[in-house]
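I opened the model today to look at one helix and its surroundings. My notes follow.

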Amino acid sequence: MVMETAICGRVALSPHQIFQPKPGDKKPRQKQWINRNALMAMPIAGVGKGGGLLEKPVIEKTTPGRESEFDLRKSRKMSPPYRVMLHNDNYNKREYVVQVLMKVIPGMTVDNAVNIMQEAHYNGLSVVIICAQADAEEHCTQLRGNGLLSSIEPASGGC
């Protein structure tokens, strides 16, 4: 026989304490709640098969002047896009440029890095990635930190 238990706050009550009418009650309480605001039912599949109380979700609180991770991700998605540009130089070897691109840009494949490097070599300039301004600034700084010539520009307008 499968037993159901109702939870009152954090105290478990048996079904007999909730659903059995008291002597003198005019309406039987079969399958009705005594106080809908005070009780919650949680069926339990059987002894030893799990069930229990769910904890109250934790709501992230931020201090003034600090944004939550969700807010940061949302603002980056909504901020205007920027292009990270790679400029040709006569100092770095092609293989090194490909290695740096793969190290600095998340998800950069060898094929994409080679194409970007070749475009910058032949045309003098190449688009590395289009992303949020904060990310573009970070990528540009990392490319420069590895000895490459890089800049950013707004992606809206133009080609």
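**Entry 1: the buried side of α3**

I looked up the buried residues of α3 and found Val-97, Val-98, Val-100, Leu-101 and Val-104. This is a predicted model, so I read every value as computed. I then looked down the axis of α3: the buried residues fall within an arc of 165 degrees, so they line one face of the helix.

Next I checked the face of α3 turned away from the buried side. It carries the exposed residues Glu-95, Gln-99 and Lys-103.

**Entry 2: what covers α3**

What covers the buried residues of α3? I noted β4, α4, β5 and α5 among the covering elements.

α3 and α5 pack at about 145 degrees, and their axes lie 10 Å apart. The crossing of α3 past α5 is right-handed. From α3, Val-100, Leu-101 and Val-104 meet His-139, Gln-142 and Leu-143 of α5. I sorted this contact by class and got four nonpolar, two polar and no charged residues.

**Entry 3: the core**

I turned to the largest nonpolar core, which has 19 residues. Leu-86, Leu-101, Met-108, Val-128 and Leu-143 have the most contacts inside it. β4, α3, α4, β5 and α5 each supply at least two residues of this core. Which element gives the largest share? I found that α3 does, with five residues.

Last, I listed the neighbours of Val-128, leaving out residues up to four places away in sequence. Val-128 touches Val-84, Met-85, Leu-86, Leu-101, Ile-105, Met-108 and Ile-116.

Methods. Residues are numbered from 1 along each chain as its sequence is written. This is a predicted model: local features need pLDDT of at least 70, side-chain atom pairs count only at pLDDT 80 or more; totals for chains, interfaces and linings use all residues. Side-chain values use heavy atoms; hydrogens and water are left out. A nonpolar core is a set of buried Ala, Val, Leu, Ile, Met, Phe, Trp, Tyr and Cys residues joined through side-chain atoms within 4.5 Å. Buried means under 20% relative accessible area, exposed over 50%, partly exposed in between (1.4 Å probe, protein chains only). Helices (H or I, at least four residues) and strands (E, at least two) are DSSP runs, numbered from the N terminus. Contact means heavy atoms within 4.5 Å. Axes are lines fitted to C-alpha atoms, for helices over the stretch in contact, and angles run from 0 to 180 degrees between N-to-C directions. A crossing is left-handed if the near helix is turned anticlockwise from the far one by less than a right angle, and right-handed if clockwise. Ala, Val, Leu, Ile, Met, Phe, Trp, Tyr, Cys and Pro count as nonpolar, Asp, Glu, Lys and Arg as charged, and the others, Gly among them, as polar. The arc is that of the directions from the helix axis to the C-beta atoms.
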